[in-house]
Amino acid sequence: MNVDAVSDIFRRVLENVEVNADSDFFVMGGDSLLATRVLSAVARDHGVELDFEDFLDAPTPSALAKKIANAA
């Protein structure tokens, strides 16, 4: 999963077209419930299971894409 795909998920979940590769999910208005939607989309679309701690460690599309690549 590349950074553009993760950015698209962030945009969809946050309903914010201004998300870019370095946008912090929580600064952009995300919360723990919305984060679970991101993690579910990643698992559903790409078969990679991450937990909330992974998300907290990597709250930007670029960082999360790296976590996904390492877990795949």
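Trainee: How many aromatic pairs does the count come to here?

Mentor: Five aromatic pairs. Keep in mind that this is a predicted model.

Trainee: What describes a pair of aromatic rings?

Mentor: Two things: how far apart the ring centres are, and the angle between the planes. Now take Phe10 and Phe25: their ring centres sit 5.2 Å apart with the planes at 70°, so this pair is edge-to-face. The cut-off you need for that step is a plane angle over 60 degrees.

Trainee: Which parts of the chain does the Phe10 and Phe25 pair tie together?

Mentor: Phe10 belongs to helix H1 (residues 3-14), while Phe25 is in the loop between H1 and helix H2 (32-46), so the pair ties together parts 15 residues apart in sequence. Both Phe10 and Phe25 are buried.

Trainee: And how do the rings of Phe25 and Phe55 pair?

Mentor: Edge-to-face again, because the centres of Phe25 and Phe55 are 4.9 Å apart and their planes stand at 90°. This pair links distant parts of the chain: Phe25 is in the loop between H1 and H2, and Phe55 is in helix H3 (residues 52-57), 30 residues away. Phe25 has 0% relative accessibility, so it counts as buried. Phe55 is buried too, with a relative accessible area of 0%.

Trainee: Which residues do the ring pairs link into a cluster?

Mentor: Phe10, Phe25, Phe26 and Phe55.

Trainee: Let's move to helices. Why do residues three or four places apart point the same way in an α-helix?

Mentor: Because an α-helix has 3.6 residues a turn. In H1, the buried residues are Val6, Ser7, Ile9, Phe10, Val13 and Leu14. Viewed down the axis of H1, its buried residues fall within an arc of 160°, so they line one face of the helix.

Trainee: What do the buried residues of H1 pack against?

Mentor: They pack against H2, H3 and helix H4 (61-71). Ser7 has a relative accessible area of 3%, so it is buried. Leaving out residues up to four places away in sequence, Ser7 touches Val19, Asn20, Ala21 and Pro61.

Trainee: How far does H1 reach from its first C-alpha to its last?

Mentor: H1 has 12 residues and reaches 16 Å, close to the 16 Å expected at 1.5 Å a residue.

Trainee: What is there to see at the start of H1, and which residue follows H1?

Mentor: At the start, a side-chain oxygen of Asn2 comes to within 3.0 Å of the backbone nitrogen of Asp4. After H1 comes Glu15, with a positive phi near 55°.

Terms used. Residues numbered from 1 in each chain as written. Predicted model: local features only at pLDDT ≥ 70, side-chain atom pairs only at ≥ 80, totals over all residues. Heavy atoms only, no water. Phe/Tyr/Trp six-rings, centres within 6.5 Å; stacked < 30°, edge-to-face > 60°. Helix = DSSP H or I, 4+ residues; strand = E, 2+ residues; numbered from the N terminus. Buried < 20%, exposed > 50% of the residue type's maximum accessible area, 1.4 Å probe, protein only. Contact = heavy atoms within 4.5 Å. Expected span 1.5 Å × (residues − 1). Arc of directions from axis to C-beta. Polar contact = N/O pair within 3.5 Å; in protein donor to acceptor, adjacent residues only side chain to side chain.
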